[in-house]
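Please examine the sequence and the three-dimensional structure shown below. The briefing that follows treats one topic at a time.

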Amino acid sequence: MSTLLRKYGLFYLAHSVTFFFLCAYSLVAEAPNFPFLPAVFLPIYLCASVALSERETGDPLLGVLPITPREIMTVKFHLAFALVAVCWINMTVFTLLQGLPESLASSVHKMNLLAAVWTLALAAGLQLGLHYFGWSDFRKVIVGLTVLTGLFSIAFFIGLAESGRDHVGGFPLMPALENTPAGVVGLVGIAGVVAYYVLLRKGPWRSRQPLAA
Amino acid sequence: MTPILETRGLSLSYPGFDLQDIDLRVDAGSIMGLIGPSGAGKTSIMRLVMGQVMAARGELSVAGLTHPGDLKEIRGRVGYVPEDPPFSPDKRVADIIRFVAPFYPQWESARFNDLLGDFGIEPHLQVKHLSRGRRTLLSWAMALSHGATLLLLDEPAAGLDAARRRQVLKLMAEFVADGDCAAVISTHQTDGLAPLADRLAIIDHGRLVLSGETEELLAAWKWLRYRDGAVSDELESALLGHERGAFGNRGLVRDYPAIHNQLQAALAAGDVQVGNATIDDILVSLTGGH
C-alpha cells in the first residue's frame, strides 16, 4: 500500500505545488477577477492528477498484485481528498491575503468551498468510472475531461475579459454567491466530505466484471 | 494430502454466461490441466481465484486462505500468468519490476534477473517493443520470482515457439517438484499435456463435465473399432463420437475396464480392436468439438 501511495502521491504532490503558484499568481495579479481564478481552475488539477497517476501507475497490473480493490480505492480517495483539502487551504489563505472587501471576500470563500466540493464529487466519479471500466476503457473520459475543464477555465476568463465584465463584481456567479447564506455553503461542504467518505467506506469496491469467459 | 487450491460449488453469473457449481481440488506437488473449448469458463475460474471477479456462490481457498477475506494474501501466494499479460505498453520492463517488487515480501531479484536473461528480455525495453511471446515470458518471470505456492497459468504458451514452450513447461514441472507447491494450467490446446498434468478437469459451457486423475482417465477412455454386430446395441448406443464407416465402426468408451470382459470373445476373434484415446479425443467427445 505504501508503494502505491508513493507512486500516486508524486503526481498529486506535484499538482498541489503548481496550484500553490496559481494561488500566488492570483494574489499578485492586478486583474480584478483573479480572486476566482483558483476556484475555476481547481477541477483541472484533479483531472490531471488522476490522468497522469493512473497512466503511470499501470492500472491492469493492480488486478493481479497482492492488494485489494478497497486498499487501492482508499489510497486514491485519500490522495484526492488531500489534494482538494490542500488546494482549498491555499485558496482560503490567499483570499485572506488579498485584503478584499468583506462582502466580496465572503463570496470568494463560498466559491472556493463549493469548487472544492464539486472537485471532490468529480474525484469520486472518476474513481468509480476507473474501478468499473478500467483505465484502458475509461481513459478517454478522463483525458477528455482534463482537456474540457482546461479549455472551459481558459475560455471562461477570456470570455469575462472580452465581455467587459472582468471586474470582481461582474463574476457570473456573484449574485448567487451573495444570496446564499454562508451556513448553507458550509453545510454543503460538510455533506460533501461525509458523502465522499461514506462512498469510500461503503462503496462496492469489488472487482469489475470480466469481459469474457 | 494438502489441497493448495480447492473450490466447492463455485458459481458466477454475468450477461451471457454462467459458471455453475465448480468443484476442484489441486493437491500440493501436483499439476491440474483445466481444459475446455474457448469461452468455456476457464479464464473465469482463474479470475475468481485472483479475485478479479467475485463468486455469486460457493467457496474458494488457496493454501488454506479463503475468499474474499484473504484476497490480498492469496494474490501474494499465486504466481499468475494471465492470457493477456497486464502490462501498459509504454512502460519499460525495469519500471514495471520496480513497481511490482515491493508488493511481494519474498521477491527474488536474482531469480527474476536470471529468468529475464534466459528468456532474452532486455530490461530497458518498453513493453510495446516486446513480442506477444516475450510479454508472456515476462509474466512467467514475475510469477516464478515471488515465492508463490500456486502457479495459475492461463494459456501460458500463447505466442511461444516450441523451444520456449518446452522451457516454460519444464520450469512449471520444477516448480511443483519439491512437493509444497501446485500448478493449474488452463488451455484449449492439449498437445503434450498428458505427461505433465496429474489431474484433468474439463469445463464446457461453464460446467465441470469431467475430472479425475489423468492416468486413470486415459486408462478408462478407449477407442473401440469393431465390425457390424460385434458389440451389443446397448454398448454401441453408449459410445461417444460414434462413427459408422465403410471399413468398420468406431466409438469412444468411457469406462473400458468395466466392459472388457464382455468383449473378450470379440477381441479374440478380431472383431473388435481397442485403441488409446488422447485428451483431445475425450475433450472433443464431451464438448461436441465446438
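What percentage of the 290 residues in chain B do buried residues make up? The figure is 40%, where a residue is buried if 20 or more other C-beta atoms, placed from the backbone, lie within 10 Å of its own. This is a predicted model, in which local features need pLDDT of at least 70, side-chain atom pairs count only at pLDDT 80 or more, and totals for chains, interfaces and linings use all residues. Residues are numbered from 1 along each chain as its sequence is written, while chains are lettered from A and ligands numbered from 1 in the order in which they are written.

**Chain B**
- Chain B has 11 helices and 14 strands; these are DSSP runs, numbered from the N terminus, with helices (H or I) of at least four residues and strands (E) of at least two.
- The C-alpha trace of chain B spans about 70 × 40 × 40 Å along its principal axes.

**Contact between the chains**
- Chain A gives 17 residues to the contact and chain B gives 29 residues; two residues are in contact if their C-beta atoms, placed from the backbone, lie within 7 Å.
- On the side of chain A that touches chain B, helix H1 (2–28) and helix H3 (59–62) of chain A are the elements that give two or more residues.

**Helix packing in chain A**
- The axes of H1(A) and helix H4 (residues 69–97) of chain A come within 10 Å and cross at roughly 15°; axes are lines fitted to C-alpha atoms, for helices over the stretch in contact, and angles run from 0 to 180 degrees between N-to-C directions.
- H1(A) is therefore roughly parallel to H4(A), a term for angles under 35 degrees.

Definitions and conventions: A residue is buried if 20 or more other C-beta atoms lie within 10 Å of its own, exposed if 12 or fewer, and partly exposed in between; C-beta atoms are placed from the backbone. Angles under 35 degrees count as roughly parallel, over 145 as roughly antiparallel, 65 to 115 as roughly perpendicular and the rest as oblique.
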